[in-house]
Amino acid sequence: MAGLELLSDQGYRVDGRRAGELRKIQARMGVFAQADGSAYIEQGNTKALAVVYGPHEMRGSRSRALPDRALVNCQYSMATFSTGERKRRPHGDRKACEMGLQLRQTFEAAILTQLYPRSQIDIYVQVLQADGGNYAACVNAATLAVLDAGIPMRDFVCACSAGFVDGTALADLSHVEEAAGGPQLALALLPASGQLALLEMDARLHEDHLQQGTALSPFRDGSFEARKHRWAPHRGRSTLTVAVLIRAVFEICMTFQFKKYKKVYRDLLKRCQPLACHLTHYYV
Amino acid sequence: MLKSRTFLKKTRAGGVLKIVREHYLRDDIGCGASGCSECCGAQEGPALESWPCDPESSLCPQPHYLLPDTNVLLHQIDILEDPVIRNVILLQTVLQEVRNRSAPVYKRIRDLISDLTKHFYTFTNEHHRETYVEQKQGENANDRNDRAIRVAAKWYNEHMKKITTDENHPQVIFITNDIKNKEKAIEEGIPAYTCEEYIKSLTANPELVDRLACLSDEGNEIESRKVIFPEHVPLSKLQQGIKSGTYLQGTFRASRENYLEATVWVHGDDEENREIILQGLRNLNRAVHEDIVAVELLPKSQWVAPSSVVLQDDGQNGDDVEDEEEKENTLKTAINEKMLRPSGRVVGIIKRNWRPFCGMLSKSDIKESRRHLFTPADKRIPRIRIETRQASTLEGQRIIVAIDGWPKNSRYPNGHFVKNLGAVGDKETETEVLLLEHDVPHQPFSQAVLSFLPKMPWNITEEDMKNREDLRHLCVCSVDPPKCTDIDDALHCRELENGNLEVGVHIADVSHFIRPGNALDQESAKRGTTVYLCEKRIDMVPELLSSNLCSLRSNVDRLAFSCIWEMNHNAEILKTRFTKSAINSKASLTYAEAQMRIDSATMNDDITTSLRGLNKLAKILKRRRIDAGALILSSPEVRFHVDSETHDPIDLQTKELRETNSMVEEFMLLANVSVAKKIHEEFSENALLRKHPAPPPSNYEVLVKAAKSKNLDFKTDSAKALADSLDQVESPDFPYLSTLFRILATRCMMQAVYFCSGMDNDFHHYGLASPIYTHFTSPIRRYADIIVHRLLAVAIGADSTYPDLTNKHKLADLCKNLNFRHKMAQYAQRASVAFHTQLFFKNKGIVNEEAYILFVRKNAIVVLIPKYGLEGTVFFEEKDKPKPRLTYDEEMPSLKVEDTEFHIFDKVRVKITLDSSNLQHQKIRMSLLEPQIPGISVPTDSTSLNNDEPEKKRSKLEN
């Protein structure tokens with residue numbers, strides 16, 4: 001038996017998307033009345049729910065309070081029914097802890113925490129259905145929830161994942177593509193300034209693919225280059241497909257219809273001519 | 001538009017999973033026809049011609065595109081590959097099915113798609129909004145796919161109507177061999193034909209019909225025909241059986257010498273790679289060489305021993321099985337219990353590994369018959385029945401035939417004619433055949449590949465000298481065989497001021513010209529090695545590089561990769577240095593010339609002193625290597641003197657070895673070892689190395705037995721012990737004995753292989769007694785060396801790395817290909833030598849020669865003629881002659897014919913003639929002259945008189 005062909009010769013992926021295309025995105029804000037902010041997002045079959053409480057006084061041990069800024073407390077969980085196989089997932093398992101930590105890092109970079117010293121902001125996210133790109137969906141849901149709660153941010157955070165198959169970067173991986181085991185990269189961005197909130201990859205990838213990515217990067221001459229080194233200290237831990245990813249992230253921004261970014265996005269497109277973006281019809 | 005595909009799947013643990021996958025339907029997928037106004041150019045890649053004019057068909061005079069279904073693609077790929085067939089629409093559904101069912105066909109189809117002149121277009125119908133169909137309730141996957149194909153065909157036809165108002169618009173013709181599917185299609189208004197109907201309707205190209213695969217046979221053949229073979233067990237049951245252990249899975253290997261016998265290598269996870277013996281037609285059950293099969297072990301009472309009988313399939317067209325049974329019985333002779341080995345029978349085929357086979361037609365006796373038997377050149381492949389109308393023109397030609405199937409009521413598999421190569425015996429045809437049979441890529445280099453060659457005239461530029469040392473002042477020279485044009489190594493040696501010696505090995509810097517990833521690189525990687533045939537060389541890299549820019553010829557500036565040692569006079573390495581360099585060789589010598597310079601007392605120039613220094617060091621190095629346990633093996637090698645006009649061999653000569661041969665070899669070994677250490681140090685995970693595994697002790701049995709018969713005691717537990725044992729073979733009255741032992745020892749060895757250091761942990765090279773080894777010194781003719789050059793260049797900072805170089809899985813795949821190519825190149829070389837030996841003896845007539853017995857078989861002896869390095873078999877049994885009394889002793893081994901006993905290494909005299917009674921396998925036949933055995937050996941005197949009529953006289957001792 002031949003394995004799954006992730007990218008056909010005609011350039012279509014398993015589910016019919018092209019390499020740079022995203023899945024269908026739908027989002028809703030304010031799904032819960034009792035929370036300060038809440039949001040629900042669907043990226044294809046990946047569905048996530050985010051709830052935000054705060055800023056409020058420190059709960060639990062007061063000693064954790066920070067004198068100069070608010071503490072961002074993130075908790076990540078997956079529903080028992082979120083994957084194909086039903087599985088009980090206790091709170092505080094390793095994967096959830098790590099994901100919580102990553103979310104925290106991301107949002108500490110985005111929320112203006114110094115406005116609320118000695119207080120706490122809780123962000124709870126739950127994945128209802130996992131079909132690849134869980135981190136990205138959670139970040140996007142949480143951003144919307146934080147917006148819904150009215151907590152001031154530098155910029156909203158937007159995230160997407162990407163993978164790499166046979167020399168081509170694939171945006172927004174589905175579960176099938178993730179399971180195939182190629183290198184995978186997650187990126188969270190503050191789109192207005194082009195600053196990175198989080199960039200993560202857990203596989204080896206050759207430096208050349210990084211260069212291929214950054215050569216097309218819209219930030220070649222700007223802030224991004226400097227950050228590349230900070231975020232990618234090792235040869236292999238880097239951004240294969242930065243351009244594709246960034247474009248993907250901006251497309252997600254577009255679907256949220258924040259008009260202010262339209263111009264940024266247009267400029268960006270002009271600069272990535274080689275990859276001329278093929279906008280699809282499937283968005284809301 | 002978004003659709004969800006939902007299906008249930010059973011997990012390994014037995015649970016049931018519900019899997020939901022997204023499935024996007026698009027409206028931007030084009031129909032592929034160039035200039036189609038409807039699809040606004042939303043297509044990519046090679047498109048269909050907007051007005052397909054050829055081929056002319058009497059069934060459909062309109063211009064048309066073809067839309068084949070899966071089975072047509074799988075079985076009639078030969079037809080589709082014909083240049084006449086163009087403008088074909090391949091549906092994604094069809095391609096996916098092909099992909100799952102046959103990897104080789106899928107690969108061929110992809111090649112077709114990428115061929116722009118063929119105008120094959122892949123239509124992604126599963127993601128097209130109008131051609132996607134959902135599986136209905138109660139409909140199985142196959143039916144759904146058939147429906148999907150029909151829907152797409154219908155959409156295409158309607159689409160074509162839309163884009164032109166012309167009455168005579170192009171049609172899309174659905175080609176299927178499934179009658180029901182065809183009927184349904186016609187009901188739905190789709191023009192549909194079977195493949196046969198369509199091909200037969202091509203008025204301009206009647207020759208295509210021969211290439212149709214005959215599949216229909218099975219159904220409408222006379223039902224009453226006797227079933228010869230047991231039914232194959234279906235795949236699902238096989239898998240169950242393999243899991244539960246009732247069946248074993250393995251690779252089927254037919255015996256070259258006996259068509260009724262085969263072995264199956266059971267590939268298990270554990271080390272015990274077991275071998276199972278299969279005997280008899282029914283037990284072989286239609287398996288063909290290299291197929292992956294499932295076998296069932298027979299009860300112990302039915303186990304058999306490998307027979308030493310040589311049997312050839314020469315039955316005529318008929319299907320008489322009784323004959324076969326009789327032959328099978330001859331296999332089962334009384335053998336002692338120890339010899340019995342696990343035996344089994346094939347219950348089913350897991351994967352066929354059929355490829356097109358070269359061979360010849362054996363014309364049917366019936367004149368008008370269209371069915372003929374085809375005899376493949378490879379004796380392990382059964383004969384194939386084909387149907388052709390051009391039998392008389394194909395007779396005496398080498399042709400290619402593909403197998404289509406093997407029904408259970410047919411003695412032979414059915415196949416179809418693919419291609420005619422040329423007349424048999426013709427030197428070019430024969431070369432072509434042996435290249436094809438050994439899968440050696442030998443087409444001329446494509447334009448894409450040649451475009452990456454440097455522009456002429458070429459000079460070393462400033463840019464080239466970056467990271468490169470200028471060594472042009474050194475007195476470098478090369479030593480190679482005569483008429484060598486691809487010189488990849490050169491040497492120098494000079495005394496340093498501190499009294500030490502500086503020795504340099506300079507290797508052509510091929511990786512400077514072949515940059516990773518481009519077409520030139522890919523082509524070289526595919527070829528893997530240069531193949532040297534007797535009169536021809538199949539280059540790995542284009543000639544401009546191999547014989548000019550990379551060849552380190554004398555008195556021109558060339559780029560090199562140098563390995564430079566500082567040594568003391570005891571040949572101990574004090575310092576090792578690698579650098580890219582530019583050199584200017586002062587002389588290209590042959591081995592003989594170099595030897596002359598070293599020996600001559602009068603010459604004292606720089607080159608000669610350099611050579612003497614090298615020679616001195618080489619001797620010390622060699623001594624040291626042998627002391628460490630390196631083996632000196634021997635194999636008879638011959639070189640042909642070829643007539644410059646006719647290219648016929650006029651004389652042959654065994655290769656001579658001089659001191660200078662071993663001098664060059666010694667430094668190459670040293671360079672390889674040094675480089676291996678360096679790259680492994682730098683890239684512990686992805687260095688490309690070469691290892692030579694120690695052979696299992698059982699391999700040495702023949703050698704030990706042979707030694708015992710000569711009253712010698714051989715120790716084979718280590719390379720060192722073996723080397724010592726071989727050294728003690730000295731017999732004043734039999735000087736050739738030592739060589740014979742070394743030849744025999746060579747046969748016991750394992751194959752040396754390339755591997756990736758991250759994928760293995762045994763690096764030892766047994767033959768060279770080196771803990772680590774690689775190939776660095778011949779990048780012009782071996783691709784492995786190019787990779788090693790790149791690794792070394794990165795290690796010393798002279799070049800940059802690239803993704804595939806540091807990917808150990810890619811490297812392991814590459815090693816696999818290189819190992820395969822090397823093996824095939826070796827076989828091709830041997831086949832070429834064999835062919836030229838035949839030509840030589842054809843011209844020479846009958847020759848009487850001295851020979852030594854190498855092996856003793858049950859009904860024959862294998863002899864070696866030292867003068868020609870030629871090996872042959874002397875048979876003692878003939879079909880229509882009274883059988884001589886043969887007593888075979890397995891233990892010794894010895895064979896007693898009448899009253900004469902033959903032992904290994906006995907000296908005999910044989911008569912050599914060319915047997916051309918079988919056109920396909922012309923062979924050298926040997927018959928016994930001395931010792932004389934009445935009725936067996938041929939009389940000595942009559943031979944020389946009958947030079948002009950060798951055919952008749954010679955055939956005394958056919959098997």
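Arg597(B) touches Leu589(B), Met603(B), Asp605(B), Ile607(B), Thr608(B), Leu611(B) and Arg612(B), leaving aside residues up to four places away in sequence. Keep in mind that this is a predicted model, with an average pLDDT of 79 for chain B.

- You'll find Arg597(B) in helix α19 of chain B, which covers residues 591-599.
- Arg597(B) has a relative accessibility of 18%, so it counts as buried, the cut-off being under 20%.
- Two of the residues it touches, Asp605(B) and Thr608(B), also come up as polar partners.
- With Asp605(B), the polar contact runs side chain to side chain at 3.1 Å.
- With Thr608(B), the side chain of Arg597(B) makes another side-chain polar contact, this one at 3.4 Å.

**Helix α2 in chain A**
- Helix α2(A) takes in residues 134-149, 16 residues in total.
- From first C-alpha to last, α2(A) reaches 22 Å, close to the 22 Å expected at 1.5 Å a residue.
- Of its 16 residues, 13 are buried, so α2(A) is largely enclosed by the rest of the structure.

**Strands β33, β34 and β35 in chain B**
- Strand β33(B) (residues 886-889) runs antiparallel to β34(B) (residues 894-897), and four bridges join them.
- β34(B) also pairs with β35(B) (residues 900-903), again antiparallel and again through four bridges.
- β34(B) and β35(B) make a hairpin with two residues between them.
- In that turn, Glu898(B) has a positive phi of about 50°.

- In chain B, 84% of the residues score a pLDDT of at least 70.
- Among the chain's elements, strand β21(B) (residues 501-508) has the highest mean pLDDT, 92, while helix α27(B) (residues 950-954) has the lowest, 37.
- Residues 316-320 of chain B have a pLDDT below 50, and the model gives this stretch 16 contacts beyond near neighbours in sequence.
- Residues 941-959 of chain B also stay under 50, with 34 contacts in the model beyond four places in sequence.
- Where pLDDT is low, the predicted coordinates should not be read in detail.

Key. Residues numbered from 1 in each chain as written. Chains lettered and ligands numbered in written order. Predicted model: local features only at pLDDT ≥ 70, side-chain atom pairs only at ≥ 80, totals over all residues. Heavy atoms only, no water. Buried < 20%, exposed > 50% of the residue type's maximum accessible area, 1.4 Å probe, protein only. Polar contact = N/O pair within 3.5 Å; in protein donor to acceptor, adjacent residues only side chain to side chain. Contact = heavy atoms within 4.5 Å. pLDDT = per-residue confidence, 0-100. Expected span 1.5 Å × (residues − 1). Pairing = 2+ DSSP bridges.
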